[in-house]
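Subject: Model for your files, with notes

Hello,

Here is the model for you to look over. Please open it first, then read the notes below it.

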Amino acid sequence: MKKINIKNLIVACLLFSIPVSTIISGCAASAKVAAKTGSQLWSENCRRCHNTPPATAFSADQWETIGLHMQSRALLTETEKNKIVQFLKGE
Amino acid sequence: MKKSILLFGFIGGMFLFPFNANIFAQSGTDSTVIKLAQEVNSLKAGESHFLVVGLTTFGFVNSSTTTNGIKQKPSSTNTFDANHYEFSPMFLWRHGKNLLLEFEPSFDGNQIGVNWACASYFVTPGLIVRGGYFVLPFGMYNKRLAAGWIDKVATDPIGVADAPPASDWGVEAEGGLPLGSMKCSYDIAITTGYQMLHDKLQDGALQNPNGSGLTDNNNNKMVSGRFALLPFSNSSLEIGVSGIFGKVGDTNDSLYKDATTTMYAGDITYLADIRPFLLNIKGQYNVINVNKGTFPNPGDSTKTYSFSNTSTSYFGQISLRPVSLRNKIIRNFELAFRYANYITPKGSLWEQNSTQTSIGLDYWLSWRSIIKLTYETVNSNYASMGISGDKTKTNYVYLQYSVQF
């Protein structure tokens, strides 16, 4: 197997990032999905792996941190994460 | 004269008094302002947010083993279950809104290890970049289901959790994206990679992180990735495909320097509300290929022996919980069944065909703490270079408690 040249890898990553960022920015949710509330998204997404945590389990500041952790673990969309965290913070 | 001095002093005092009063008033206001500022500062969130969460799992196990039809002595053993013990605090440090540092050390009953230690930057919606030591994007069990308070049965599925290795050093890009009424996610990583062993007993096997740890034995990096689609708008179904590709041969080893591995995995998660039950189905299938399967014969080094170096493992799990019942006690019970299989290369020195059947009755004390009663049978057929070896059957009864804190 050929050695991977770091310069080539960086150039490939930069070139790859252009179509990837275009695709990412072009993705959008349907009106039905966009209208979902934080409570709905909390119920649908958390239970895919574990029980749904009550809002009282953590403080508002802690939910912000857990939101980032779970966004990465469950690969939630940004909107899903924001709405779920807002719901758990009681906003 | 005295009178005029007193009068002058009185008038002067009249002028000076407001001035002195101002000084006192000013000083009082300042101290109030300082006090308020201190109070506000103590309440201000700041940029750094530190949080410790984690989990622990402990329990008791009864086991009895039959080898080639003969009961082993003692006929059964009762012990605190060190093999599935775990104490893992997880340190989360968030800096601002976009940077998250995660560190999870773990004492697993035999040793202290690290599950992950990495920094993640949330670049834009749909793009997270990570560097450090992290769980590889291969299947979904290791990244999402392995924690004791999430797993419905007391053990890990055989051959899925530990083969191939779960964590590695490198960089990763991932994200979740909306696709109309659907949703998808991607996860790509470039890491150090595995190392193929050729030490007779495990000729052709990949290095296991539970042993000596992953070491970089060549200049090539391993690429791994997972793509998942959630076709329903309520996220009830997730279908994932994963792959790992990389060189596993040692640069300094003339015989095996070109050894490479190709791995594939498919995984599925499905949830359905069948009132009053919540049905939860999960499964994962792994294939591990290594392109080297010819090694010196351990009995006669002038000869070689060969085998097709492919291992497979899978599990399927179904669980049922009456979440919608009014009775608080009954709705906290959950019934789980899991079947797992692990097959290592036929003709190798480490040939094994094991099946694992697990039935569990769980009780949820809260959303994050569970008591599990699991009955499990593991049937294993061992062989070496095609010659049949021991056939074992082990029955286990686990009573386990797990909590996320």
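The notes below go through chain A, its side towards chain B, and a few spots in chain B.

First, the ground rules. This is a predicted model, in which local features need pLDDT of at least 70 and side-chain atom pairs count only at pLDDT 80 or more, while totals for chains, interfaces and linings use all residues. Residues are numbered from 1 along each chain as its sequence is written, and chains are lettered from A and ligands numbered from 1 in the order in which they are written.

Chain A overall

Chain A has five helices and zero strands. Helices (H or I, at least four residues) and strands (E, at least two) are DSSP runs, numbered from the N terminus. The order from the N terminus is α-α-α-α-α. Of the 91 residues in chain A, 25% are buried. Buried means 20 or more other C-beta atoms within 10 Å of the residue's own; exposed means 12 or fewer, and partly exposed lies in between, with C-beta atoms placed from the backbone. Among contacts in chain A between residues at least 6 apart in sequence, 67% join residues at least 24 apart. A contact here means C-beta atoms, placed from the backbone, within 7 Å.

Helix 4 and what follows it

Helix 4 of chain A covers residues 60-74, 15 residues in total. From first C-alpha to last it reaches 20 Å, close to the 21 Å expected at 1.5 Å a residue. That expected span is 1.5 Å times one less than the number of residues. Its buried residues include A:Trp63, A:Ile66, A:Leu68 and A:Met70. A:Leu75 follows helix 4 and lies in the loop between helix 4 and helix 5 of chain A. Its phi is near 50°, a positive value in a residue other than glycine. A:Leu75 is buried, with 27 other C-beta atoms within 10 Å.

Two packed helices are described by the angle between their axes and the distance between the axes. Axes are lines fitted to C-alpha atoms, for helices over the stretch in contact, and angles run from 0 to 180 degrees between N-to-C directions.

Helix 4 and helix 5 of chain A pack at about 155°, with axes 9 Å apart. That makes helix 4 of chain A roughly antiparallel to helix 5 of chain A. The cut-offs: under 35 degrees is roughly parallel, over 145 roughly antiparallel, 65 to 115 roughly perpendicular, and the rest oblique. On the helix 4 side, A:Ala60, A:Trp63, A:Glu64, A:Gly67 and A:Gln71 meet A:Lys81, A:Ile84, A:Val85, A:Leu88 and A:Lys89 of helix 5. By class, this contact has five nonpolar, two polar and three charged residues. Ala, Val, Leu, Ile, Met, Phe, Trp, Tyr, Cys and Pro count as nonpolar; Asp, Glu, Lys and Arg count as charged; the others, Gly among them, count as polar.

Helix 3 and helix 5 of chain A pack at about 105°, with axes 8 Å apart. That makes helix 3 roughly perpendicular to helix 5. Helix 3 contributes A:Gly38, A:Ser39, A:Leu41, A:Trp42 and A:Asn45 to the contact, and helix 5 contributes residues including A:Ile84, A:Phe87 and A:Leu88. This contact has five nonpolar, four polar and two charged residues.

Chain A against chain B

In chain A, 32 residues are in contact with 44 residues of chain B. Helix 2 (31-34), helix 3 (38-46) and helix 4 each give two or more residues to that side of chain A. The largest share, eight residues, comes from helix 4 of chain A. The side of chain A that touches chain B divides into 13 nonpolar, 10 polar and nine charged residues.

Spots in chain B

B:Phe138 is in the loop between strand 7 (127-135) and helix 2 (141-145) of chain B. B:Phe138 is buried, with 26 other C-beta atoms within 10 Å. Beyond its neighbours within four places in sequence, its contacts include B:Pro164, B:Arg226, B:Ile244 and B:Met263.

Two peptide bonds to check: B:Lys73 to B:Pro74 is cis, with omega near 0°, and B:Arg275 to B:Pro276 is cis, with omega near 10°.

Best wishes

Methods: Two residues are in contact if their C-beta atoms, placed from the backbone, lie within 7 Å.
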